[in-house]
Amino acid sequence: MIKKFNKNSLTAKILLIPSGIILVSFMIIFVAFHVVVQQYINSLTTKIIKNEFVIMDSDYNMSKNTPLNVYIDNEELIVNVYRIIMDENYNCLLPNDTFVYSESEKAKAKEVTKHYAKEKTLPKGKFPVKQTIGSRTYMIRVKTYEGKFDGFFIHKTRPPEDSSRYVALVYTDITSVQDFIKKMDTVLISVLIFFGFFTILSILHMSRKLALSFRLLNAFLRKVGKRKKIVEKPKFAFVEFDNVVDNALFMSQMIDASEEDQKKFFQNASHELRTPLMSIQGYTEGLKYGIIKDTDNAYDIILKESKKMSELVDEILFLSKFEAMTPTFGTVNLSEILHETVDDISLSHENGHISIKMEISPSLLVTGDESLLHKVFKNIVSNATRYAKSVICISSEVEESNVVIHITDDGDGISNEDFPHIFKRFYKGKNGNFGIGLSMANDIVKQHGGEIKVESEKGKTDFIIILPGAVQ
């Protein structure tokens, strides 16, 4: 089936645009050649014919002051000039038996004289006119004189009553130049046809290779989109397509990694939900059927496990809307947020043995979203309470235009296995939760133009939060 030619396709553009440029370029060269050659011919013939009339005018006025450069310039010119003298009835007086031209020039002069004797019209103007007579082309200029012809020249006579009217016709044969122009036209057109044909063939070949590369690329991308296994990369004629394939494979790997992370997250989340849910269910059934006698402890456990489930659900809901959130920036005092964060974290049960020391400035102004920044510090401090042995220290400092917060715990440190992944979404490390908190904190800080650094060793882990200070 023949595909419909689409002029808006890339293949069509590649074919049409260069072809059009080549055609226009050759047309410009063709026209420029004609213009330059024609101007040169006009300039040349105008000069030589003018010089001939200068000589004739000097003889007509019987002047002995003909400029010497007239004769010298004539010798330098590459065309010859000839004159014809006719009476008012178009009878040829020169050339004659005394003033002899070559046989070929006599034939030309006879042809020109016969032409004007027949037409009874002469070219007018101060500049030569191109005239085709028979098979030859001439540049001709005509001038009339009143005087007496002596067989060679026309002289002014006195009294004027003895004068006769004569027509002086000066011409040069440019047939050879015109033939040269025609040959050059043929050469230029031949070159245009040859290179145009060769160029179009080359572009067609290139466009076919390009179209094949696009088909292979489209088929490859469809495989990637359908998550099919890529056994071998397509072979392209252009390296740019290889770069696109490499980027597509990289994105595919990122998608695979993201899907794997989400799979792990849902597994972790399911486990985290199932554990407290089973505990709640067990204690609830025990209370209902009177199996558990220590009701206060049972209620505490149910509340504790319910809180864990609530925190997990809150994190998942926050994550689902975080990507579309637009922060509301304003001037925020981190000191107040840190104190509120510490007050919000309850250490009365399993973390009751951990103390939090605050060594921060009362005024730590930054530009940010207060609720999001509160989320950052709550997640990081909560994370520290899970690993600290006895103390968490929160301190602050100002470095140039940045506010720097240190949250340090005295735990065992982050393992080498977990360290590269602590900010990876859905990653759950040793004794960790469901892998959202630190990742979310890192994303929020980056959103505020800051960064989080971590330094960890045996007995100490320091989270360093750097945020740009508010412009005063």
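Reader: Where does Ile405 sit, which strand is it in?

Author: Ile405 is in strand E11, which covers residues 402-409. Bear in mind that this is a predicted model.

Reader: OK. Buried or exposed, that Ile405?

Author: Buried: the relative accessible area of Ile405 is 0%, so it falls under the 20% cut-off for buried residues.

Reader: What does Ile405 touch, leaving aside its neighbours within four places in sequence?

Author: On that basis Ile405 is in contact with Leu334, Leu338, Leu364, Phe377, Ile394, Ser395, Ser396, Phe463, Ile464 and Ile465.

Reader: Phe463 is in that list. Where is Phe463 found?

Author: Phe463 is found in strand E13, residues 460-468. Along the chain Phe463 and Ile405 are 58 residues apart, and their C-alpha atoms are separated by 8.0 Å.

Reader: And why does Phe463 count as buried?

Author: Because its relative accessible area is 3%, and buried means under 20%.

Reader: Which residues does Phe463 touch, not counting those up to four places away in sequence?

Author: Phe463 touches Ile380, Asn383, Ile405, His406, Ile407, Phe423, Leu438, Ile452, Lys453 and Val454.

Reader: Is Asn383 buried or exposed?

Author: Asn383 is buried, with a relative accessible area of 10%.

Reader: Switching to helix packing. At what angle do H6 and H9 pack?

Author: The angle is about 35 degrees, and the axes of H6 (residues 295-322) and H9 (residues 437-447) are 12 Å apart. Their crossing is left-handed.

Reader: Which residues meet there?

Author: From H6 you have Phe318, Leu319 and Phe322, and they meet Met440, Asp443, Ile444 and Gln447 in H9. By class, that contact has 5 nonpolar residues, 1 polar and 1 charged.

Reader: How about voids, how many cavities of 30 Å³ or more does the count come to?

Author: The count comes to 1 cavity of 30 Å³ or more. The largest cavity has a volume of about 50 Å³.

Reader: What lines the largest cavity?

Author: The lining consists of Met56, Asp59, Tyr60, Arg83, Ile85, Tyr145, Phe152, Phe153 and Ile154. Helix H1 (10-60) and strand E1 (82-87) are the elements that give two or more residues to it. H1 gives the most, with 3 residues.

Reader: And how does that lining of the largest cavity split by class?

Author: There are 7 nonpolar and 2 charged residues in the lining of the largest cavity, with no polar ones.

Reader: Now backbone checks. Which residues does the cis peptide bond join?

Author: It joins Leu94 and Pro95, with omega at about 10 degrees. Pro95 is found in the loop between strand E2 (92-94) and helix H3 (103-119).

Reader: What about Tyr90, what's phi there?

Author: Phi of Tyr90 is near 70 degrees, a positive value in a residue other than glycine. Most residues other than glycine have a negative phi, and most peptide bonds are trans. Tyr90 has its place in the loop between E1 and E2.

Reader: Tyr90 and Glu400, buried or exposed?

Author: Tyr90 is buried, with a relative accessible area of 16%. Glu400 counts as exposed because its relative accessibility is 80%, and the cut-off for exposed is over 50%.

Reader: Last bit, the whole chain. How many helices and strands does it have?

Author: The chain has 9 helices and 13 strands. Of its 472 residues, 38% count as buried.

Reader: And what share of the contacts with a separation of 6 or more comes from residues 24 or more positions apart?

Author: Those residues account for 67% of the contacts in the chain with a separation of 6 or more.

Terms used:
Residues numbered from 1 in each chain as written. Predicted model: local features only at pLDDT ≥ 70, side-chain atom pairs only at ≥ 80, totals over all residues. Heavy atoms only, no water. Axes fitted to C-alpha atoms, helices over the stretch in contact; angles between N-to-C directions. Helix = DSSP H or I, 4+ residues; strand = E, 2+ residues; numbered from the N terminus. Left-handed = near helix turned anticlockwise from the far one by under 90°. Contact = heavy atoms within 4.5 Å. Nonpolar A, V, L, I, M, F, W, Y, C, P; charged D, E, K, R; others polar. 1 Å grid on protein atoms, 1.4 Å probe; cavity = no way out; pocket = protein on both sides within 12 Å on 5 of 7 lines; lining within 4 Å. Points joined across faces, edges and corners; volume = space filled by probe spheres on them. Buried < 20%, exposed > 50% of the residue type's maximum accessible area, 1.4 Å probe, protein only.
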